[in-house]
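Hi,

Here is the structure I said I would pass on.

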Amino acid sequence: MAQAARRLADLAERVLGAPLPIRLRAWDRSEAGPPGGPVLVVRNRRALRRLLWKPGELGLARAWVAGDLDVEGDLYAALDLLAESIWERGEEPVRRSGLRAALDALRDPGTRAAGRELLRLAGPWTPPAPPPEEARGTSGRLHSLRRDKQAISHHYDVGNAFYELVLGPSMVYSCAYWEPEGTLEDAQRAKLDLVCRKLGLAPGTRLLDVGCGWGSMVLHAAREYGVSAVGITLSEEQAGYARKRIAEAGLTDRVEIRVQDYREISDGPFDAISSIGMAEHVGRDRYAEYAADLYALLRPGGRLLNHQIARRPLRDEEAYRVDEFIDRYVFPDGELAPVGRTVAQLEEAGFEVRDVEALREHYALTLRRWVANLEEHWTEAVRLTSPGRARVWRLYMAASALSFEHNRIGVNQVLAVRTPGSGDPGLPLRTREWRA
């Protein structure tokens, strides 16, 4: 098929109403679009069939994960060039971006000519099977104990060795806390220490770490602050890894790891609770329950440090929809909320919110380091998981880094206290020092 790239570029410009922002290379080696910079590669016509059968973000995601679409050159630059096409931007709460709206519009009678052209390019009218990395195993009521465990397993039970390549020796899967210079390990250690200081940890403190991952927080708190800690996770693989680390550190007498949901804990109260990168899995319909449960698990005067990704607020919050790529390939059932809503729900549960610190730029830096780790160890990452899984992670982390950089999403540490009836929260008058 001669000059497939030119035909694709013409079609894209017709439905987008604007010039193609990136150079395009098709399966017949033809190219079109602006020269220089990264190139969007359509490796085969199956990519078009995926878009026809699932117009919009899910079709694009499947084509990327399957290797039908690729980028040659700087992935960040390519995603920035395509940002208006694959992300929702601007102030309108229900506004759909150009390509997503255009692809959906192919079903409309007014764009049938474009649809017929795409059909001719796509070839045989056969729906391609979704890539095997797509989440299809979750079932049951949304955010039930059973379904949450399934969703967590999809994301985390892909092999601890894979996460070691991406996260590095710290095995901390949340935003680090950066100085202008320093390594990822330095920044993750600083983040863990920041959480410990905000919680006022000291020898004898009883700490609960909700969503403890591979045990880094409880290890740091026990080793550096002398606490007694319980870490909970829904991932069997994480729990096994964390227990091994704790045994090697000689801390089994002070640190316990459980495969347990926060809704099942019955041995409170705790002096402090850390929840780092876990609340995104709770869901908006369950968040009030989450806040109330953590409040009940704290003693009067106890502190909660809630570290959570936030999205921008919408004028119509009912218009919020979960990103299809993230939902199918990364975090099934994950939901983001604006930071204001998180603060309100914590206070509605009885907490007194004492401090909110935004770490948006810190997460962008962290994600770029994780992407660099993945790219450096690409062959090994593919061997440990699959080509599709590695592609999911590269796209997810690179796109997320740009979302943090462009203020599409943020991340915040909220320090809340179960303030006793006396009104004394047990905090110093100056809870932190600002630095330039």
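What percentage of the 436 residues in the chain is buried? The answer is 54%. Before you read on, keep in mind that this is a predicted model. As for the inventory, the chain has 18 helices and 11 strands. Of the contacts with a separation of 6 or more, 71% are between residues 24 or more positions apart.

**The seven-stranded sheet**

Seven strands make up an open sheet with mixed pairing, and their order is β7-β6-β5-β8-β9-β11-β10. If you want to find the edges, look for β7 (255-259) and β10 (352-358), each of which pairs on one side only. Averaged over the sheet and ignoring direction, neighbouring strands are turned by 15 degrees against each other.

β7 is paired with β6 (residues 228-233) in the parallel sense, over five bridges, and A229 sits opposite V255 of β7. Helix α11 (residues 216-225) packs on this sheet, where it touches β5 (206-210), β6, β7 and β8 (270-276). The direction of α11 makes about 165 degrees with that of β5. Helix α13 (residues 287-297) packs on the sheet as well, touching β5, β8 and β9 (298-311), and its direction is at about 150 degrees to that of β9.

Now for β5 itself. Four of its five residues are buried, so β5 is largely enclosed by the rest of the structure. Its pairing with β6 is parallel and has five bridges, with V210 opposite I232 in β6. To get from β5 to β6 the chain goes through α11, and that β-α-β crossover is right-handed.

β5 also pairs with β8, again in the parallel sense, over four bridges. Two places to check there are L207, which faces A272 in β8, and L208, which stands opposite I273 in β8. β8 is mostly covered too, with six of its seven residues buried. β8 goes on to pair with β9 in the parallel sense over six bridges, and A272 has R303 of β9 opposite it. Together, β8, α13 and β9 form a right-handed β-α-β unit.

**More on α11**

How many of the 10 residues of α11 are buried? Eight of them are, which leaves the helix mostly covered. The buried ones in α11 are S216, M217, V218, L219, H220, A221, A222 and Y225. They pack against β5, β6, β7 and β8, and also against the helices α10 (184-199) and α12 (236-248).

**The four-stranded sheet**

There is also an open sheet of four strands in the order β2-β1-β3-β4, with mixed pairing. Its edges are β2 (31-32) and β4 (69-72); each has a single partner strand, so one side of each has no neighbour in the sheet. β1 (residues 23-25) and β2 run antiparallel and are joined by two bridges, and L24 has A32 in β2 as its bridge partner.

Is G73 buried or exposed? Its relative accessibility is 54%, and because the cut-off for exposed is over 50%, G73 counts as exposed. The C-alpha atoms of G73 and V39 are 6.6 Å from each other, although the two residues are 34 residues apart along the chain.

**A helix pair**

Last item: α9 (residues 160-167) packs with α16 (residues 360-376), their axes being 7 Å apart and at an angle of about 120 degrees. That angle makes α9 oblique to α16. Which residues meet there? From α9 they are F162, L165, V166 and L167, and from α16 they are W370, N373 and L374. By type, the residues of this α9 contact with α16 come to six nonpolar, one polar and no charged.

That's what I have for now.

Cheers

Notes
Residues numbered from 1 in each chain as written. Predicted model: local features only at pLDDT ≥ 70, side-chain atom pairs only at ≥ 80, totals over all residues. Heavy atoms only, no water. Axes fitted to C-alpha atoms, helices over the stretch in contact; angles between N-to-C directions. Parallel < 35°, antiparallel > 145°, perpendicular 65-115°, else oblique. Contact = heavy atoms within 4.5 Å. Nonpolar A, V, L, I, M, F, W, Y, C, P; charged D, E, K, R; others polar. Pairing = 2+ DSSP bridges. Buried < 20%, exposed > 50% of the residue type's maximum accessible area, 1.4 Å probe, protein only. Right-handed = clockwise from strand over helix to strand, strands pointing away.
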